[in-house]
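Subject: Structure for your review

Dear colleague,

Please find below the structure that I am handing over to you.

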Amino acid sequence: MVQVLSTLLHVEKGSKQPVYLQIANQLMALIRNGTLQTGYRLLSTRQLATLLKVHRRTVVQAYDELLAQGWLESHTGNGTFVAKHLPEIQSAKKDMHAEKAIMPASKAGFHFKQAPHLDRAVLRNSTRLHLDDGFPDPRLAPLEDLSRAYRSQLLGANPYARLGYGDTKGASWLREELSAYLNETRGMKTSPDNILIVRGVIMGLYLVSTALLEPGDNVVVSAPGWFGANMNFTQAGANVLRLPADEHGIDVAALEQMCQKQKIRLVYVTSHHHYPTTVALRADRRLNLLKLAEQYGFIIFEDDYDCDFHYLSKPLMPLAGADPAGMVMYCGSFTKTISPAFRIGYLVGPADVISHLAKLRRIIDRQGDQMLENAIAELLHTGVIQRHLRKSVRIYKQRRDLFCDLLRSQLGDHVTFQVPDGGMAVWTQFDPNINLVKLAEKALQKDLYMSSGTSGIPAGNAYDEPPGSAIRLGFASSNAQELEESVEIIRNLLGNL
């Protein structure tokens with residue numbers, strides 16, 4: 001066995017891992033795979049130290065580590081042995097082929113059911129140019145102000161309170177500032193008790209779906225719509241029903257017909273800028289939707305993902321601000337305001353529901369980033385975010401106008417679109433004869449990201465959108481030069497397809 005150990009144990013003295021841990025881990029592996037059986041008497045510390053050409057104290061430390069973990073046991077005056085209480089393990093030498101077939105780091109040894117509705121690639125844009133889904137330009141974000149506010153939170157007084165556990169509903173200061181901000185800018189009538197701070201709209205959707213939906217509940221979404229919402233409703237076991245949408249938003253008359261035939265638990269709506277088409281839900285449909293919610297008792301989940309970015313003088317107010325019966329759960333975030341990297345969102349609703357959802361949030365995430373939440377609260381309190389939004393709206397409007405001009409002049413023979421009243425993307429209808437998948441692939445080779453028009457979900461998932469000839473082309477995250485270059489690339493590619 002001495003000769004065997006000399007081949008099985010080796011020490012790398014230049015490694016970052018301490019030598020005693022190298023020895024301990026290798027001995028542990030030999031015990032675990034059955035090479036060293038229970039009851040086996042190990043070499044003395046002096047013998048093993050001589051064999052490995054290390055100091056005896058190093059081997060003593062390795063043995064002590066394994067004794068403490070229960071892998072070894074020591075009999076005074078008789079030596080050190082592999083612990084007898086360990087289960088008998090068949091030596092790996094007896095079935096080398098089986099050992100090679102098992103790869104526990106990449107494949108689990110137990111069965112689990114995979115959910116097709118979760119099988120969607122995560123977006124990670126790394127291209128130089130991007131006509132994305134409608135993201136903000138982080139180059140405009142008030143990062144220096146945010147950095148100072150974050151630092152003041154880290155180094156402020158009473159670190160026990162600031163750096164300890166907080167309210168599961170979110171930092172009280174942020175909820176106070178948000179309540180005042182939403183009441184002023186959205187026409188809402190909230191208090192801090194009506195607000196739950198979340199990581200973003202997607203977390204708000206998960207909490208509502210998990211806590212307020214039962215398997216078999218009917219949830220109505222728009223077609224076309226947002227896959228992120230549909231995934232959450234499907235995960236909760238709900239039946240996802242598709243409601244047509246047109247140039248005025250979701251068809252509320254068709255929703256009423258649905259309600260007359262079956263029980264509806266929740267309606268998901270992006271009222272301000274319908275996703276993905278960017279159109280606003282018309283005023284009469286808003287009023288009728290609220291009436292139907294009260295009449296038939298369904299929840300309205302209002303996803304107001306980019307309310308702040310509207311380019312008309314008087315944008316429509318959220319449904320939540322005109323809700324007379326407490327039927328609306330309103331959700332927004334600072335993703336579009338600052339950047340997707342800063343995960344701060346807010347879920348607004350009746351105080352009893354918010355308290356209920358906070359209990360669920362507690363077992364998922366306990367609380368958010370209190371430092372970041374308080375830093376955002378400071379920026380709201382001092383007006384930094386409000387000033388940043390006014391500046392961003394001006395810049396994004398200029399970019400919208402330029403981009404739409406470029407689409408008309410450079411791609412007018414291939415695309416049609418309506419100039420959006422707000423938001424960060426243009427819903428662009430391509431000639432149906434154009435292969436958007438191929439176009440997106442060719443654009444990627446030119447370091448330009450754009451949607452391919454496919455959903456990324458395997459066929460058979462009825463809740464998701466089928467491939468189409470219309471896509472969202474985001475303009476906000478690109479400056480004038482980048483927009484011009486991006487459209488030129490598409491024009492040249494279309495000429496060669």
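This is a predicted model: local features need pLDDT of at least 70, side-chain atom pairs count only at pLDDT 80 or more; totals for chains, interfaces and linings use all residues.

Salt bridges

A search of the whole structure finds 15 salt bridges. The side chain of Arg-139 meets that of Asp-137 in a salt bridge, at 2.9 Å from N to O. Arg-139 also forms a salt bridge with Glu-482, where the closest N and O atoms are 3.0 Å apart. Glu-482 belongs to helix H17 (residues 480-496), while Arg-139 sits in the loop between strand E3 (129-131) and H6, so this pair ties together parts that are 343 residues apart in sequence.

Are these three residues buried or exposed? Asp-137 has a relative accessibility of 3% and counts as buried. Glu-482 is also buried, with a relative accessible area of 15%, because the cut-off for buried is under 20%. Arg-139, at 49%, counts as partly exposed.

A further salt bridge joins the side chains of Lys-397 and Asp-401, at 3.4 Å from N to O. These two residues are four residues apart in helix H15, so about one helical turn separates them. Both are partly exposed: Lys-397 has a relative accessible area of 31%, and Asp-401 has one of 29%. Elsewhere, salt bridges that share partners join Asp-137, Arg-139, Arg-399 and Glu-482 into one network.

Helix H9

How far apart are the end C-alpha atoms of helix H9? They are 16 Å apart. Helix H9 (residues 201-212) has twelve residues, and at 1.5 Å a residue it should span 16 Å, so the two values agree. The expected span is 1.5 Å times one less than the number of residues. The buried residues of H9 are Val-201, Met-203, Gly-204, Leu-205, Leu-207, Val-208, Ser-209 and Leu-212.

Surface patches

Which residues form a positive surface patch? They are Arg-387, Arg-390, Lys-391 and Arg-394. Of these, Arg-390 lies in helix H15 (residues 384-411), the helix that also holds Lys-397 and Asp-401.

A nonpolar surface patch of about 300 Å² is made by Leu-154, Leu-155 and Leu-163. Leu-154 is placed in helix H6 (residues 143-155) and is partly exposed, with a relative accessible area of 41%.

Yours sincerely,
A colleague

Conventions: Residues are numbered from 1 along each chain as its sequence is written. Side-chain values use heavy atoms; hydrogens and water are left out. Patches are made of residues with over 30% relative accessible area and no salt bridge: like charges are joined within 9 Å, nonpolar side chains (Val, Leu, Ile, Met, Phe, Trp, Tyr) within 5 Å. Accessible areas come from the Shrake-Rupley method with a 1.4 Å probe; for residues, only the protein chains shown count as cover. A salt bridge is a side-chain nitrogen of Lys or Arg within 4 Å of a carboxyl oxygen of Asp or Glu. Lys and Arg count as positive and Asp and Glu as negative; His and the chain ends are not counted. The place of a charge is taken as NZ of Lys, CZ of Arg, CG of Asp or CD of Glu. Buried means under 20% relative accessible area, exposed over 50%, partly exposed in between (1.4 Å probe, protein chains only).
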